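Here is a short briefing on one protein model. Look over the sequence and the fold, then read the points below.

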Amino acid sequence: MERVAIIGASMTQFGQRDAWIRELLAEAGEACLDDAGVSPLDLDHLYVSNMASGEFEGQTGVPNALAHDLGALPAYTQRIDQTSSSGGAGIYAAWQSVASGASDLTLLVGGEKMTHETTAEATDVIASLTHPVEYKHGLTLPSFAGLTARRYLHEYDAPRESLAKVAVKNHRNGVDNPHAQFRKEVDVETVMESPIVADPLRLYDFCPITDGSAALLFCPESEAKQYTDEYTVVSGIGGATDTHVVHERDDPTVMGAAVESSELAYNMAEREPEDIDVAELHDMFTILEFLQSEAVGFFEQGEGWKAVEEGVTDRDGDLPINTSGGLKSKGHPLGASGVAQAYELHQQLLGNAGKRQVDAEVALACNVGGFGNCVITTIMEQA
């Protein structure tokens with residue numbers, strides 16, 4: 001099976017935007033096509049990663065609308081909804097379309113418009129992905145995060161400050177990301193004194209509500225040089241699911257879908273965790289960076305917090321994690337987040353990440369839906 005190349009990438013400014021979903025998607029899509037010098041008329045497939053444009057904005061049918069707005073007719077279109085891992089699922093679908101030979105040129109655009117809703121309204125839309133019984137009892141994703149964080153700190157004797165240091169690190173990285181929602185450093189004291197949201201997690205342990213969009217353009221690797229000398233390849237990708245009912249898991253501190261999906265991705269790429277030079281993990285909550293860094297094999301179970309304490313995951317550490325600022329600082333427009341993870345890794349592998357640049361030839365992205373209900377892991381490499 002031929003490898004699939006990424007020949008163009010873009011992302012909009014993340015944060016509070018006046019633009020609505022169609023405008024956000026078109027902004028990223030046009031920029032991505034411009035990045036590769038490709039006409040929209042040449043697209044075979046056009047995919048849109050989006051969780052809830054109908055619920056947030058009353059706008060459905062966004063892929064067809066985007067094809068019209070970009071002038072991409074008659075490209076085949078499809079919407080990819082896999083909750084907050086819609087972006088990663090979109091990468092999987094775009095990779096499949098090219099690897100299978102169904103498409104020679106596939107544009108993926110991920111986006112979400114959220115900030116016009118109140119925090120309670122947005123949280124309720126997101127909470128609709130939980131099991132109906134859990135939802136009926138008032139459980140939300142932030143409450144799952146608080147319960148899991150308490151269990152993790154107890155089981156592995158981790159200090160509460162180690163979670164705060166994830167927020168400090170990712171905010172520090174976000175300062176140098178011009179697309180990030182928050183470009184401001186915070187210290188441990190600020191995190192520890194912020195308001196409690198779901199004990200023991202506080203305000204600065206959570207990512208913000210965000211508007212934004214990001215895009216990637218895919219083609220067979222054998223055809224990439226027709227368009228550009230600067231491209232990366234998807235060398236491995238895997239997707240997996242875990243129990244819908246979170247409390248049915250044997251150990252809530254183990255993200256089973258991240259374990260399974262990363263094993264699939266490593267096998268396809270013929271790589272090991274030790275080969276990864278830089279990673280983007282789904283830090284919707286600070287505790288998730290610990291859980292994913294262990295699930296994808298970077299650290300032993302219960303050891304992820306020590307890596308943060310020792311600076312291993314800092315930008316100048318042995319394994320930089322979330323050089324973009326992560327969801328914590330860059331922002332989390334649901335359908336765009338997985339695509340934006342790949343955008344950051346694409347820039348890192350091409351040496352185009354500016355002040356955020358690290359030494360990297362192989363990279364990994366882990367995009368999580370729900371509270372680990374579904375996960376996509378992608379491995380990207382220099383061409």
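**Helix and sheet briefing**

Helix α1 (residues 21–36) lies across β1, β2 (45–49), β4 (106–112) and β7 (212–220), and runs at about 40 degrees to β7. The model is predicted: local features need pLDDT of at least 70, side-chain atom pairs count only at pLDDT 80 or more, and totals for chains, interfaces and linings use all residues. Residues are numbered from 1 along each chain as its sequence is written, and side-chain values use heavy atoms, leaving out hydrogens and water.

**Terms**
- Helices (H or I, at least four residues) and strands (E, at least two) are DSSP runs, numbered from the N terminus.
- Axes are lines fitted to C-alpha atoms, for helices over the stretch in contact; angles run from 0 to 180 degrees between N-to-C directions.
- Contact means heavy atoms within 4.5 Å.
- Two strands pair if DSSP finds at least two bridges between them.

**Sheet**
- Nine strands form an open, mixed sheet in the order β3-β2-β4-β7-β1-β8-β11-β10-β9.
- Its edge strands, β3 (76–80) and β9 (278–281), each pair on one side only.
- Neighbouring strands are turned by 25 degrees against each other on average, direction ignored.
- Strands β1 (residues 4–11) and β8 (residues 232–241) run antiparallel, joined by three bridges.
- Ile-6 stands opposite Thr-232 in β8.

**Thr-378**
- Thr-378 sits in strand β11 (residues 374–382).
- Thr-378 counts as buried because its relative accessibility is 3% (buried: under 20% relative accessible area; exposed: over 50%; partly exposed: in between; 1.4 Å probe, protein chains only).
- Not counting residues up to four places away in sequence, Thr-378 touches Ile-91, Val-234, Gly-236, Ile-237, Ala-363, Leu-364 and Ala-365.
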